[in-house]
2 protein chains.
Amino acid sequence: MEDAVPVLRRTPGTLDALLRGLGPTWTQADEGPGTWTPPEVVAHLSHADRTNWLPRLHTILHGDGTFPPFDRFAHLAASGGRTPDDLLDEFAAVRRECVTRLETLRLTAADLRRTGHHPEFGKVTAGQLLATWVAHDLDHVVQIARTLAGVQRNAVGPWQAYLRVLR
Amino acid sequence: MEDAVPVLRRTPGTLDALLRGLGPTWTQADEGPGTWTPPEVVAHLSHADRTNWLPRLHTILHGDGTFPPFDRFAHLAASGGRTPDDLLDEFAAVRRECVTRLETLRLTAADLRRTGHHPEFGKVTAGQLLATWVAHDLDHVVQIARTLAGVQRNAVGPWQAYLRVLR
């Protein structure tokens with residue numbers, strides 16, 4: 001817990017510093033058909049905060065441990081027509097509320113060992129869910145930075161060979 | 001130019017939002033022998049700003065186009081014993097100065113087509129150098145987020161299969 005919360009708390013500010021006010025060259029970039037632009041990734045993080053992490057944790061702690069379904073693409077409809085900065089504001093607000101609710105739970109070591117049932121993996125613990133929330137944030141920070149770097153793919157010329165993010 | 005500067009300007013704030021005040025669980029993590037911790041990556045970015053990007057650009061615009069040598073490991077000695085937050089402060093200051101100097105150059109399209117001699121690649125343009133500066137920033141943002149995510153590798157349990165950053 002004391003390791004997870006500091007990262008969860010920092011993600012909105014990290015993405016805000018990286019993306020707010022950037023021009024369409026950057027904010028409209030994706031990695032090809034079926035991939036997401038940086039603002040769409042931000043919308044996905046808000047959506048996951050609302051419908052995935054805490055609801056699943058609640059199911060482990062107070063329900064029958066069966067996870068509610070999570071639609072990994074629902075945010076695309078919800079984010080249509082909204083500005084990147086608006087999506088950043090929304091994520092900051094949603095995340096702030098989630099971190100507050102998480103801290104209010106005052107999870108114990110015993111709580112973190114309690115288990116739920118993942119539709120694919122079977123038994124998973126509350127601690128694994130929390131660690132995954134953190135790693136999922138960082139996975140999408142990587143995705144956004146990689147998508148932005150891709151905008152420069154041709155412009156860097158021969159340096160592409162030295163840039164791991166472009167390989 | 002109008003695409004590059006906004007990203008170059010944002011990188012220190014992005015890394016500050018992500019790293020400032022984080023505990024040693026995160027700031028002392030690396031990806032194995034010979035890899036860097038997040039603060040060491042920040043020190044590398046400061047070092048590259050000081051000794052690589054603008055000096056090479058200067059050589060293209062005003063020198064004989066032969067790049068000065070760049071030691072990709074010199075920052076490790078320079079960063080020893082300094083706190084992560086101190087390294088973030090240094091990077092913010094160095095980058096601010098570099099962006100100001102870059103803007104003062106008021107590079108034209110003709111300037112960006114001028115060429116220098118890379119020891120390995122041969123002829124490269126000022127425009128490619130500038131694009132590489134941007135992509136290099138993003139490459140290291142990816143590296144830092146990936147290094148932090150690696151801290152959670154075992155803790156996420158079976159979810160590792162879903163997290164690209166951990167594969």
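Start by selecting Arg146(A) and Glu31(A): their side chains meet in a salt bridge, 2.8 Å from N to O (a salt bridge being a side-chain nitrogen of Lys or Arg within 4 Å of a carboxyl oxygen of Asp or Glu). Arg146(A) sits in helix α7 (residues 126-150), while Glu31(A) is in the loop between α2 (24-27) and α3 (38-62), so you're looking at a link between distant parts of chain A, 115 residues apart. Helices here are DSSP runs of H or I with at least four residues, strands are runs of E with at least two, and numbering goes from the N terminus.

Before moving on, keep in mind that this is a predicted model: local features need pLDDT of at least 70 and side-chain atom pairs pLDDT 80 or more, while totals for chains, interfaces and linings use all residues. Residues are numbered from 1 along each chain as its sequence is written, chains are lettered from A and ligands numbered from 1 in the order written, and side-chain values use heavy atoms, without hydrogens or water.

Arg146(A) is buried at 14% relative accessible area, and Glu31(A) is partly exposed at 36% (buried is under 20%, exposed over 50%, partly exposed in between, with a 1.4 Å probe and protein chains only).

Next, select Glu90(A) and its partners. Its side chain meets that of Arg50(A) in a salt bridge of 2.8 Å, N to O. Arg50(A) lies in helix α3 and Glu90(A) in helix α5 (residues 84-105), so this pair ties together parts 40 residues apart in sequence. Glu90(A) also forms a salt bridge with Arg82(A), at 3.4 Å from N to O. Glu90(A) counts as buried at 15%, whereas Arg50(A) at 47% and Arg82(A) at 29% are partly exposed.

For a network, pick Asp16(A), Arg20(A), Asp85(A) and Asp89(A), which are linked by salt bridges. Over all chains, the structure holds 20 salt bridges.

(A cavity is a set of points on a 1 Å grid over the protein atoms alone where a 1.4 Å probe fits but cannot get out; lining residues have an atom within 4 Å of a point. Points are joined across faces, edges and corners, and the volume is the space filled by probe spheres set on them.) Select Leu19(A), Thr27(A), Pro39(A), Val42(A), Pro84(A) and Leu88(A) to see the lining. Helices α3 and α5 of chain A each give two or more residues to it.

Notes
1 Å grid on protein atoms, 1.4 Å probe; cavity = no way out; pocket = protein on both sides within 12 Å on 5 of 7 lines; lining within 4 Å.
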